[in-house]
Amino acid sequence: MKNKRVVVAMSGGVDSSVAAALLVREGFEVIGVTMRLWPKELCGKHKARSCCSLKDIEDARRVANRLGIKFFVMNFEREFKREVINYFVSEYLSGRTPNPCILCNNRIKFGTLLKKVAQLGADFVATGHYARIYRDAGKKILLMEGLDKTKDQSYVLFGLTRFQLSNSLFPLGGFKKDRVRKIAKELGLPVFDKLDSQEVCFLPDNSYRNFISKMVGPSLGRIEDADGRFLGWHDGFWNFTIGQRRGLGIACGRPLYVIDINRENNTVVVGEQTEVKKKRFLAERVNWIIQPDKKILEANVKIRYNHKKSKAELNRISKDLVEVEFEEPQEAITPGQAAVFYDGEFVLGGGWIK
């Protein structure tokens with residue numbers, strides 16, 4: 001792939017910086033791009049490590065200068081609001097718990113940015129994700145876990161189409177995080193010791209509750225047990241997620257967990273920990289990376305980013321609807337989150353918990 005042109009999504013962090021450096025070393029013609037996702041007057045206003053903060057943009061520019069590559073800042077403000085922020089708010093107001101990072105990957109990094117790649121005459125878009133793309137001589141394109149299982153990000157990439165995967169590169173997929181930092185230091189990249197961001201990038205104070213409450217205001221509702229007994233009040237069902245234990249605002253002398261959220265009557269239902277565990281759920285809008293040839297198949301399934309993969313049976317009800325049944329009950333199967341199916345290190349596909 002030498003002499004091919006690649007656009008690298010540079011966030012100003014160590015991962016995307018090293019991804020760009022590795023591609024330069026491999027002989028690619030590299031162009032660095034930082035995506036501005038908020039209006040210019042708001043970017044970085046509330047905190048230094050916010051989405052497209054001025055510091056991050058400047059860090060990305062410094063790395064690009066160090067590597068001797070072209071660098072651009074692209075404005076995707078409208079696309080980000082339409083595809084990610086509106087989805088984020090809508091999901092919470094529907095009683096579900098969204099994952100905005102997955103939509104950002106599907107619609108922005110490997111959607112809007114990928115379209116810009118062609119305009120720049122580039123062949124690929126690359127990111128600092130810890131995942132691998134398997135390519136064989138027969139042009140088969142598959143998604144694999146990253147070598148560093150503690151940093152693996154294949155879960156948030158399950159929604160990519162084969163076209164998106166075929167036009168993407170993940171240079172860090174075969175590296176462990178500590179090696180990535182060493183490479184950054186060896187190359188003299190100014191971000192080698194920069195801390196990783198653990199936040200949802202567009203939340204000014206890292207509080208989705210404050211973010212949504214500013215848009216819709218409080219809405220007083222009941223907290224009940226499974227039998228409908230009143231236990232207390234809340235100020236908006238969107239402040240809760242399935243499996244939540246802390247911050248319920250009620251005292252019953254024993255730990256209670258959110259087991260259901262009823263949007264229609266603005267009620268939050270709580271119960272014992274055992275009531276949070278379930279074996280079966282439906283996954284909708286399923287995207288298959290490896291098209292199955294059987295109606296029923298075995299797989300390992302993750303139901304959130306930090307969930308340990310667990311054995312399950314997949315029953316394909318239709319093209320994009322799958323019933324998932326775990327061998328053992330799992331805690332907090334949460335509507336709105338992604339369920340991703342694995343066969344060993346390969347991602348079979350995934351869908352959204354209904």
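Colleague: In this predicted model, what percentage of the contacts between residues at least 6 apart in sequence join residues at least 24 apart?

Modeller: The model is a predicted one, and the contacts considered here are those within the chain between residues at least 6 apart in sequence. Among these contacts, the share that joins residues at least 24 apart is 64%.

Colleague: How many helices and strands does the chain have, and what is its radius of gyration?

Modeller: The secondary structure of the chain comes to 7 helices and 17 strands. For 354 residues the globule rule gives 20 Å, and the value for this chain is close to that, so the chain is as compact as a globular protein of that length, with a radius of gyration of 22 Å.

Colleague: Which residues of helix α1 are buried?

Modeller: Helix α1 takes in residues 14-25, and its reach of 16 Å from first C-alpha to last is close to the 16 Å expected at 1.5 Å a residue. Buried here means under 20% relative accessible area, and by that cut-off 10 of the 12 residues of α1 are buried, which leaves the helix mostly covered. They are Val14, Asp15, Ser16, Ser17, Val18, Ala19, Ala20, Ala21, Leu22 and Leu23.

Colleague: What covers the buried residues of α1, and which residue just after α1 takes a positive phi?

Modeller: The cover over the buried residues of α1 includes the strands β1 (5-9), β2 (29-36), β4 (124-126) and β7 (168-169), together with the helices α2 (54-67) and α6 (177-186). Just after α1, a positive phi of about 100 degrees is taken by Gly27.

Notes
Residues numbered from 1 in each chain as written. Predicted model: local features only at pLDDT ≥ 70, side-chain atom pairs only at ≥ 80, totals over all residues. Heavy atoms only, no water. Helix = DSSP H or I, 4+ residues; strand = E, 2+ residues; numbered from the N terminus. Rg over C-alpha atoms; globule rule 2.2 N^0.38 Å. Contact = heavy atoms within 4.5 Å. Expected span 1.5 Å × (residues − 1). Buried < 20%, exposed > 50% of the residue type's maximum accessible area, 1.4 Å probe, protein only.
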